[in-house]
Amino acid sequence: MQLPLWPEAASAVADDIDHLYIYLTLVSVVMSVLIFGTIFVFAIKYRRRSEDEVPKPIHGSWQLEVTWSVIPFLVMLTFFWWGAKIYFLNATPPPESMDVYAVGKQWMWKIQYPEGQREINELHVPIGRPVKITLASEDVIHSFFIPALRIKHDVVPGHYDTMWFNATKPGRYHLFCAEYCGTEHSGMVGWVTVMEPADYENWLAGGGSTGTMAQQGERLFEQLGCSTCHLLDRQGRCPTLRGVYGSRVQLADGKTVLADDAYIRESILNPNAKVVAGYKPNVMPSFQGQISEEGILQLVIYIKSLGIINAPGAPTAALTQQDGGKQ
Ligand code: CUA
């Protein structure tokens, strides 16, 4: 169903969301007509007919009370059920999704692809393939909104959010920031180009990029001096990072933590937050203020490229002084 009221629908989930929206509107219209119609009819039917008319007292009816409580309750539950179904579908990117990284910054969207392409206020994706976007903010809260794909997600500084979609129709669609984020919020807009897979591969090949994201991350790893302590193939002053990504890391306080994007980001910006077992705190300086969110994402991808232990229930990577170098 495509009324001119609706923005173009170009994702798999768009029709679901439109149908839910139409359903919500219809139920609201039916309820409003019912309520206002009843008021109107009763006002006429039970109007006072003479000055001294005294109405008969009514002592209530539990059948009526139960009926008008239970039926609306069940109707409301259909909102919840349908909404939750779409919400959970939208909240879980399929494992085979391709990755894209978006950083919101006053006032632009910076997009990065694992293959190394980078662009500003432009996003290119193929049709028929789930795309997972990892969102980060360099400063304040933004919101990544693509109306034609019916997806919107807040981009909150300090941590990663993810959203995903499966575009179904080639075209060029608006990308907006949907959260007031300062003077030029209204100018924080861009375009999403949805392409046929072959066109997308062509576009990806003609990038003129400076290496993959992992290679860009590797260069940063050298420039920032990370590589002088985190040696790759033997034990340095800090844990070796080979095979860390996706593993469970044993911490000095006895807990373990999953080495995911968020953990790596935290360890770069606040190294003392989770010290690995066998290592002292205050050895690694914080890189807060020295590296952009884009750079952190490149480092995360680089560390990910060093090996992934991703199976559920994977062995704990106890990165102690003794065995850390033999990963
Ligand atoms: Cu970014 Cu509004």
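Guide: Buried here means under 20% relative accessible area, exposed means over 50%, and partly exposed is what falls in between. Keep in mind that this is a predicted model.

Visitor: Okay, then what does Arg 150 count as, buried or exposed?
Guide: Arg 150 sits in the loop between β6 (142-146) and β7 (151-155). Its relative accessible area is 12%. The limit for buried is under 20%, so Arg 150 is buried.

Visitor: Which value is phi of Arg 150 near?
Guide: Most residues other than glycine have a negative phi. Arg 150 is not a glycine, yet its phi is positive, near 55°.

Visitor: And Asn 121, where does that residue lie?
Guide: Asn 121 also has a positive phi, near 60°. At 18% relative accessibility, Asn 121 counts as buried. Its place is the loop between β3 and β4 (122-126).

Visitor: How many bridges join β2 to β3?
Guide: Strand β2 covers residues 108-112 and runs antiparallel to β3. One of the links pairs Ile 111 with Glu 119 in β3. The number of bridges is three.

Visitor: On to the packing. Which element gives the largest share of the largest nonpolar core?
Guide: That core has 33 residues, and among the members touching the most others are Val 249, Tyr 263 and Ile 264. Two or more residues come from each of β1 (98-105), α4 (213-223), α6 (261-269) and α7 (293-305). With seven residues, the largest share comes from α7.

Visitor: Leaving out residues up to four places away in sequence, which residues does Ile 264 touch?
Guide: Ile 264 is one of the core members that touch the most others. With those sequence neighbours not counted, its contacts are Tyr 245, Val 300 and Ile 303.

Visitor: Now the rings. What angle lies between the planes of Tyr 23 and Phe 79?
Guide: Tyr 23 lies in helix α1 (residues 14-45) and Phe 79 in helix α2 (residues 62-91), so their pair ties together parts 56 residues apart in sequence. The centres are 5.8 Å apart. Planes over 60 degrees apart count as edge-to-face, and this pair is edge-to-face at 85°.

Visitor: Why is the pair of Tyr 23 and Trp 82 called tilted?
Guide: The ring centres lie 5.3 Å apart. Stacked needs under 30 degrees and edge-to-face over 60, so the rest count as tilted. For this pair, the deciding angle between the planes is 40°.

Visitor: Which residues do the ring pairs link into a cluster?
Guide: Each member is partly exposed: one at 24%, one at 22% and one at 23%. In that order, they are Tyr 23, Phe 79 and Trp 82. Ring pairs link them into a cluster of Tyr 23, Phe 79 and Trp 82.

How values were computed. Residues numbered from 1 in each chain as written. Predicted model: local features only at pLDDT ≥ 70, side-chain atom pairs only at ≥ 80, totals over all residues. Heavy atoms only, no water. Pairing = 2+ DSSP bridges. Helix = DSSP H or I, 4+ residues; strand = E, 2+ residues; numbered from the N terminus. Core = buried A, V, L, I, M, F, W, Y, C linked by side-chain atoms within 4.5 Å. Buried < 20%, exposed > 50% of the residue type's maximum accessible area, 1.4 Å probe, protein only. Contact = heavy atoms within 4.5 Å. Phe/Tyr/Trp six-rings, centres within 6.5 Å; stacked < 30°, edge-to-face > 60°.
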